[in-house]
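Here are a few friendly notes to read with the structure open beside you. Take the points one at a time and find each residue as you go.

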Amino acid sequence: MSTTSSSAILNVEHVGMKFGGLTAIADLHFDVQEGEILSLIGPNGAGKTTAFNIMTGFLKPTQGRVLFRGRDLSQTRPNEIARLGLARTFQRTSVFADDTVRDNVLIGLHRFGDDTRAAALLDRLFPTPAARRAENAVRERADAIIDMVGLTARAGDKAGSLSYGEQRLVGFALALAVEPKMLLLDEPVSGMNASETQGFVRLIRKVRDEGVTILLVEHDMPMVMEVSDRIVCLNYGRLIAEGPPEAIRTDPKVIEAYLGKSAAKLEQREVAHA
Ligand SMILES: Nc1ncnc2c1ncn2[C@@H]1O[C@H](COP(=O)(O)OP(=O)(O)OP(=O)(O)O)[C@@H](O)[C@H]1O
């Protein structure tokens, strides 16, 4: 059993990861509190992607463990992890380009209801009034998710015809379809333009206000500083700083390790605008 605080939804407990002789992560230890937006940052090669993959159960750590709502992820199969309420997005969009946005989300919703797939097929072949009601409920849910991510006007369009930023929103909608308690986002705004990024910041906040805990790995520093409640900074696989954006922004270890000149520029810009 975990001995950590009861408001933590995810516990990263002394996690280490070695690839042969290379230590990608060393003794990483932090909690994610329920309902917060936490960002994981660090320079290239700091170990963010490795940590992300361990926190989603895609990689088994060579040391330590990750608990999601008290369950050890290395002992839990990926589909079970999704059912426990932990969902992730991928850097590359994984939409079905020839299907409409709505069909992509419907596929996601039906896939999540996997154990009823055989019954669902029979229901579609021989629809009873109850089956029709159930299918309508799924369609309503799909439309609600599409509305949440702001793609209602594109719901009937082929996903492949959407802009890159909009396709990423479809990927986000697919993650929401599993009704997660926690969402891990892998560089969610990479490739988005400034207004898409602002829209995404509002969306993440809205989803969090619905009770979903958010963890993101992201290189876009202004976005990270704006959206995060708390930031964890890695360097050479080790946690070097942890705290609210204002503390991270001015932390000498972070500035030295990662932000460097761009942080100094950021500070200067803010002073200039003050
Ligand atoms: N499968 C692997 N086999 C061997 N070494 C790996 C593997 N995955 C990652 N590494 C190494 O582990 C270290 C951490 O890499 P990781 O990709 O986690 O960093 P990152 O912070 O995500 O970097 P970036 O910001 O460039 O994506 C790097 O030195 C990397 O080369």
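Predicted model: local features only at pLDDT ≥ 70, side-chain atom pairs only at ≥ 80, totals over all residues.

1. In α5, the buried residues are Ala142, Ile145 and Ile146. They sit on the same side of the helix, because they cover an arc of only 100° around its axis.

2. After α5 comes Gly150, which has a positive phi, near 80°.

3. Next, the ligand. Which residues surround it? They are Phe19, Leu22, Ala24, Gly42, Asn44, Gly45, Ala46, Gly47, Lys48, Thr49 and Thr50. By type, this shell has four nonpolar residues, six polar and one charged. Strand β2 (22-33) and helix α1 (48-55) each supply at least two of its residues, and α1 gives the most, with three.

4. Stay with α1 for a moment. Is it mostly covered or mostly open? It is mostly covered, with six of its eight residues buried: Lys48, Thr50, Ala51, Phe52, Ile54 and Met55. Of these, Lys48 and Thr50 also belong to the residues around the ligand. Gly57 follows α1, and its phi is positive, near 80°.

5. The largest nonpolar core has 72 residues. Val105, Ala173, Leu183, Ile214 and Cys233 touch the most other members. Helix α6 (residues 164-176) gives the most to this core, namely seven residues.

6. Finally, two backbone angles deserve a look. Most residues other than glycine have a negative phi. Glu179, however, has a positive phi, near 50°, and it lies in the loop between α6 and β7 (182-186). Tyr236 also has a positive phi, near 50°; you will find Tyr236 in the loop between β9 (230-235) and β10 (238-243). Glu179 is partly exposed, with 15 other C-beta atoms within 10 Å. Tyr236 is partly exposed too, with 15 other C-beta atoms within 10 Å.

Note on methods
Residues numbered from 1 in each chain as written. Near = placed C-beta within 6 Å. Helix = DSSP H or I, 4+ residues; strand = E, 2+ residues; numbered from the N terminus. Nonpolar A, V, L, I, M, F, W, Y, C, P; charged D, E, K, R; others polar. Buried ≥ 20, exposed ≤ 12 C-beta atoms within 10 Å, placed from the backbone. Arc of directions from axis to C-beta. Core = buried A, V, L, I, M, F, W, Y, C linked by C-beta atoms within 7 Å.
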